[in-house]
Amino acid sequence: MLRTQTPWSTLFLILTSLLLSSAIDLSSLVLSTEAIVYEKGTLEYLSLIATWPVRSKDEVLPTIVIQPGNVQDVANIVKFSNNHKIFFSVKGGAHTDPATASDIVIDMSSRKNISIDPVSKTAVLESGVLMRDIDLATKPFGLAAVIGVCYTVGIGLYGFGGLGVLSRIHGLALDNIIYYDVVTANGELVRASDTENPDLFFALRGALPNYGIAVSLKVKLHDVLSNFYGGNIIFLSEQSTFRRFWQWFAPYASDRNFSLRTFTYKLTGQPAVFLVDLVIWGDTCLLYTSDAADDLLCV
């Protein structure tokens, strides 16, 4: 059973963990010889539960971490957890907290296979793949997938949206999914696409963790026909400086070859900091200079 995110559920899980023994009897769990089980107290266990968000010192840690050796292992873990009323969660790229108060964490980070078909311009990604892996795998073919802007995010991004530098031309990352292979809540492996289980396919694109564990997915790739230029500029002065930059950029805003993101940081008692991340693909290099001589952006 998948852990929910409400405060009452969290409290219930903590109390349940206190009542359960420190060990889980895995004698009835059928795993392949390639599967690895990590228990508390080992260095491998500590490295596998590490995530990008900083953990609370009071956080309840999982009892065990299992790295499945194949897809059937994932299905067997789900069925085992259901039969024994054990809470589990799934870890992919570890960019978010994988519900570590669960009894079992299914760690998918070792499943990093990527299969590229340059003819159909598609890629099949396993569930441990990170955005950087996709970029590095597609580059030799002159192709690119729509991915996010952070290289350390996993394919969970394909279950929530995925806004990247190609999105103005090719849509969100989830708009480019051809199919998911998922293990459902009852431990069945199914394919979800426009033609197979279309209702599930619709639900997975936006609410993936609520409906299954994605063991792999197939995505569209796109030709990279030009050079990419990019850069950041940080404004340390008042908002009017950033406004002048926006006025400079406005004539280009309708050009889909541009991607622009802005961030605002404000510390108590300190002036706001404006960060602009701008990318262009094409044969043109634009130059922007602000009033400050050290503010320079070439894209």
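Start with helix H6, residues 198-207, in this predicted model. Its buried residues are Leu-200, Phe-201, Ala-203, Leu-204 and Ala-207. Look down the axis of H6 and you'll see those buried residues fall within an arc of 165°, so they line one face of the helix. And what covers them? Strand E8 (177-183) and strand E9 (189-193) are included in that cover.

Now step back to the whole protein. There are 7 helices and 16 strands, and 43% of the 299 residues count as buried. Take the contacts between residues at least 6 apart in sequence: 61% of them join residues at least 24 apart.

Next, the charged pairs. The whole structure has 5 salt bridges. One of them brings together the side chains of Glu-126 and Arg-111, at 3.3 Å from N to O. Glu-126 sits in strand E6 and Arg-111 in the loop between strands E4 and E5, so this pair ties together parts 15 residues apart in sequence. Glu-126 is buried, at 19% relative accessible area, and Arg-111 counts as buried too, at 11%.

That loop between E4 and E5 also holds Lys-112, which forms a salt bridge with Asp-133, the closest N and O atoms being 3.5 Å apart. Asp-133 belongs to helix H4, so here the parts tied together are 21 residues apart. Lys-112 is partly exposed, at 39%.

Finally, Lys-121 pairs with Asp-223 in a salt bridge, with 2.6 Å between the closest N and O atoms. Lys-121 is in the loop between E5 and E6 and Asp-223 in strand E11, 102 residues apart. Lys-121 is partly exposed at 31%, and Asp-223 is partly exposed at 39%.

Methods:
Residues numbered from 1 in each chain as written. Predicted model: local features only at pLDDT ≥ 70, side-chain atom pairs only at ≥ 80, totals over all residues. Heavy atoms only, no water. Buried < 20%, exposed > 50% of the residue type's maximum accessible area, 1.4 Å probe, protein only. Helix = DSSP H or I, 4+ residues; strand = E, 2+ residues; numbered from the N terminus. Arc of directions from axis to C-beta. Contact = heavy atoms within 4.5 Å. Salt bridge = Lys/Arg side-chain N within 4 Å of Asp/Glu carboxyl O.
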